[in-house]
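Look at the structure, then read the points below.

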Amino acid sequence: MTCSSGATCRLTLPSRLESIRDAARTARQFLAEQNLPEQDLTACELALVEACNNAVAYSDPHKPDSEIQIELRCETNAIEIHVIDHGPGFDWPDEAELPDESEEHGRRLFIIQSLMQETFYLRGLSQNRLVMRMARHSDAQRINFPDTNVEIPGVRVSSPAAMSPCEESSEPYENAAGTKVAAGEDARTPADEQAPPPQLAAVQQKLALSEHVIGTMAKEICFRSEELAAIFRSTSELGRANDIETFSDRLLNDLLHLANADWFVLRLLPKDSRKLILSNASQSDLALCPIELREDHAAQSAEAQAALSRGNVSFHPQRPLHPKDALAIAHPGSSGLVRPILMGQTLLGTLTVGRQSSQPPFSAEHVQVVHTFSEFLAIQIINIRLQQEHLDHRLTTRELDIARNIQQSLLPKSFPKLVGYGLSGFCRNARQVGGDFFNVLPLSEDKVLLVVADVMGKGVPAALFAATLHTLIRTMAEWTHRPVELLERVNRLIYDELSGVDMFITAQVVLADTRKRRLIVANAGHCPLLVTGRDHTIRAISPEGMPLGILPDVTFEHAVVPMSDCTAAILYTDGLTEARNAHGEFYGQERLFNWLKQNQSPLQTAAGLSEGLLAEVKSFQGQVSLSDDQTFLVLAEEIQVPSADEQFEPEAQSIVHFPARAASAAQV
Amino acid sequence: MRARVQSFFQRKSAAAKAAGKSEMTILRDGETLNISDIRELAAVNGKSFNLQLSAALPANVRHIDIDLSETRMDCGGVGALVALRKWARRQNRDVAIRLLNPTHPVRRLFNLTRMDQVFPIEHK
């Protein structure tokens, strides 16, 4: 151990735990001489001990003779402690956290950060420097130390950012008493008498130092420029590569060259998965099974260990991989490093880079380049994933557009003629596709079947069942015109499919018979049929009936409404009455009743009623977006026989009305 | 005054150093094991501290009193105490570890690492 006393103290100690106590004692003694209060002395000593323990823990096992340097600097109002080691280094956390109380390790960095006001960790090619700063507690305890300090001119360090990796080249030498002191200090011995004069020696030292600085800088610049060139090459590749495998191939082969490595294995963690899947490997025929990320796998798999701990795992002949580790089987006796690929705390995969057993393990600079490349890889993985997600989204949107067109095509394009009555329908989906639909099936010249249905839920699943139900009702209408029987048959046919996915459908079927002047109504758990009477009353007709898909065999009730008593009938889904305004209020059945009362008239056509009702609901909702599909179908008495030439243009938001608007206007 | 009924393990510093072991005195007093004269409990000797204690811990000990009045400690020492607590509880679920008379720096270390909430600390 060497020490130079004064305002700055430098210590050099072997990178072994046994040496730390003596170094800490010397450091404490030096700081005490600077009149530091006891509280600060304790803090500095503990932080220094923990920093040295850490340096030893992360030292290179292949360099047993490596050393740790300590620098203690007493400034007028602050203490600065530098701990320099020559190991591969580690990732310094912005804010270290305490481990669980049952953990035996993992408190050092937390202690250092708690005791010191500022900490920096500078990871270099050949050394790492931990800088710890603490304000001195009392102005009265400041001292004025002389300007002449014991450091070599030209390498005095005033801030961590200005530190050069080579400033430690001022090698200490041993004096006659056997105590090492930093070069430049007045410690001349008889052995020095044949040495060159002090001025010449200082110039020689300065020259040697400059040469060393330039050499190291040139080496670092060459290394970094190669690293950057590889990254630029890969960036230009990115636009052309649509998959991670193609892209990583180029990047990782560059990495092998730069890090002087022999092989790599890239595993990726698919989204929402707990298994690391082989994505790419330098050995093209390598087949590796997926690794499930479980704690009990970590002991046997360095990749799982790195992924779970979010930290590097290194391996070499002295610390070999588990014999059952897939990497050990594929590359026996290798040394290398497993690096988790992270974006923030999100794990994207692992990158393993290795060397054959005949070569030395990775140096600090090679570990650093693996870090840089894995960070770059993480960015590109995210980019490619986002591109893929964007493409998937566009495909899904396109498919949904097609589905929407198909669903719209299922709505009637025109309504059948029904003497003395007009028909109008409206269907609007909350999403691109939905579970509501209506249909009007002509049975004869004086009979039509009116159908409104609402499949539970929204979106694609509901739309699929709506399409199925649409087809089933059309088919069943060939066999029976009785609404009750039709619903019973449809329920039996669709029960298995609906109950299998815990879904159900509410539906209303109305047979309008103008010859017998009656409406026959059946209801499968649906909203009631609203009938406006000639006496200006509104009636809700809701015969008993369970939704479709609840039970395999159900019976339905029916109700008969004389058409002579009513001027209009409205079938609708709950999306109409459950429309909300900006205050979160439902439109509700009461508002619907009131509106119908105010707007019913013998002169009102089906189209007029539809348009009025739609305007009323839209006015209530304001700018609030639709939360559920909305559908209604209006049958209204009309005096004039219409012409049925008008065709329905399918749109997501359309009123299908018959007779044509021109005819309606003529009536009004 | 309680009589120390058995002193079954006592090593002084020279012998301990020679054997590469931690320096401490271990005395048995009934169901209590008293450990004192610990110069250092740190990363450098945490493992040997635990090895010595685990070898010396009889089955029927219910209390372990560790005197830290002369002890320098770091996080390695905290880890050693955590390991000792785990090991002792595996041997005897009811065993209680008390820390006696810690110095101010050691007390500060325990406060920082919140280990003062895990180990009862007493001043005698």
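Across the interface of chain A and chain B, 6 residue pairs are in polar contact. The model is predicted, and both residues of each such pair have pLDDT 80 or more.

**Who takes part**
- Chain A brings 22 residues to the contact, and chain B brings 20 residues.
- Helix 1 (20-33), helix 2 (38-57) and helix 3 (108-115) of chain A each give at least two residues to the side that touches chain B.
- Helix 2 of chain A gives the largest share of that side, with 7 residues.
- The side of chain A that touches chain B has 8 nonpolar, 5 polar and 9 charged residues.

**Buried area**
- Together, chain A and chain B bury about 1900 Å², and 63% of it lies on carbon and sulfur atoms.
- A:Arg21, A:Glu101 and A:Glu104 supply 28% of the area that chain A buries against chain B, more than any other three residues.

**Salt bridges**
- Between chain A and chain B there are 2 salt bridges.
- A:Glu104 pairs with B:Lys86 in a salt bridge, at 3.2 Å from N to O.

**Cavities**
- Rolling a probe the size of a water molecule over the atoms shows where empty space is left.
- The model holds 7 cavities of 30 Å³ or more.
- The largest cavity has a volume of about 80 Å³.
- Residues lining the largest cavity include A:Gln407, A:Cys427, A:Phe437 and A:His470.
- Helix 8 (364-410), strand 16 (436-444) and helix 9 (459-476) of chain A each give two or more residues to this lining.
- The lining of the largest cavity divides into 6 nonpolar, 4 polar and 1 charged.

Definitions and conventions. Residues numbered from 1 in each chain as written. Chains lettered and ligands numbered in written order. Predicted model: local features only at pLDDT ≥ 70, side-chain atom pairs only at ≥ 80, totals over all residues. Heavy atoms only, no water. Contact = heavy atoms within 4.5 Å. Buried area = accessible area lost by both parts, 1.4 Å probe. Salt bridge = Lys/Arg side-chain N within 4 Å of Asp/Glu carboxyl O. Polar contact = N/O pair within 3.5 Å; in protein donor to acceptor, adjacent residues only side chain to side chain. Helix = DSSP H or I, 4+ residues; strand = E, 2+ residues; numbered from the N terminus. Nonpolar A, V, L, I, M, F, W, Y, C, P; charged D, E, K, R; others polar. 1 Å grid on protein atoms, 1.4 Å probe; cavity = no way out; pocket = protein on both sides within 12 Å on 5 of 7 lines; lining within 4 Å. Points joined across faces, edges and corners; volume = space filled by probe spheres on them.
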